[in-house]
Amino acid sequence: MAVEVKYVVVRNGEEKMTFANKKDADAYDKMLDLADSLGEWLQQAPIALEEEQREGLSFFLAENKEALAQILRGAAPQETVKKPAKTKAEKPVAILPEASAPESEQQAA
């Protein structure tokens, strides 16, 4: 029988992600803290965002904080933006409102 140690990141009683080592679990937990802070900050934005959009955007910004930091310092990011890691709790986020979709798509709906 083998013994496996797993580190599970839990938020609000919900398992978010499982890791094989503590360092990766702590890094993911820290990224979720940053995403929460960004989400609260985005609530103050002059643009009305739906909750799912705000969560998706804050998660994306937190996940790509190094590239964001370079952009905020006035430099172009050197690495390409990585796709966000999918979690079982993550829902697809619509970036564009229906009003900005081409007319053919609006008529089909």
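Reader: In which helix does Ala67 lie?
Author: This is a predicted model, in which local features need pLDDT of at least 70 and side-chain atom pairs count only at pLDDT 80 or more, while totals for chains, interfaces and linings use all residues. Residues are numbered from 1 along each chain as its sequence is written, and side-chain values use heavy atoms, with hydrogens and water left out. Helices (DSSP runs of H or I, at least four residues) and strands (runs of E, at least two) are numbered from the N terminus. On this numbering, Ala67 belongs to helix α3.

Reader: Is Ala67 buried or exposed?
Author: A residue is buried under 20% relative accessible area, exposed over 50% and partly exposed in between (1.4 Å probe, protein chains only). Ala67 has a relative accessible area of 8%, so Ala67 is buried.

Reader: What distance separates the C-alpha atoms of Ala67 and Pro77?
Author: Along the chain, Ala67 and Pro77 are 10 residues apart.

Reader: Which pattern does the protein chain follow along the sequence?
Author: The protein chain contains 4 helices and 2 strands. Read along the sequence, they give the pattern β-β-α-α-α-α.

Reader: Are α2 and α3 roughly parallel or roughly perpendicular to each other?
Author: Axes are lines fitted to C-alpha atoms, for helices over the stretch in contact, and angles run from 0 to 180 degrees between N-to-C directions. Angles under 35 degrees count as roughly parallel, over 145 as roughly antiparallel, 65 to 115 as roughly perpendicular and the rest as oblique. The axes of α2 and α3 (residues 65-72) come within 5 Å and cross at roughly 85°. The two helices are therefore roughly perpendicular.

Reader: Which residues of α3 meet α2?
Author: Contact means heavy atoms within 4.5 Å. From α2, the residues involved are Leu61, Ala62 and Glu63. They meet, in α3, Lys65, Glu66 and Leu68.

Reader: How is α1 oriented to α2?
Author: The axes of α1 (residues 22-42) and α2 (residues 51-63) come within 8 Å and cross at roughly 130°. That angle makes α1, relative to α2, oblique.

Reader: How many nonpolar residues has the contact of α1 with α2?
Author: Among the residues making this contact are Tyr28 and Met31 of α1 and Arg54 and Leu57 of α2. Ala, Val, Leu, Ile, Met, Phe, Trp, Tyr, Cys and Pro count as nonpolar, Asp, Glu, Lys and Arg as charged, and the others, Gly among them, as polar. By class, the contact has 2 polar and 2 charged residues, and its nonpolar residues number 11.

Reader: What relative accessibility does Asn12 have?
Author: Asn12 is placed in the loop between β1 (7-11) and β2 (14-19). Its phi is near 50°, a positive value in a residue other than glycine. Asn12 counts as exposed because its relative accessibility is 84%.
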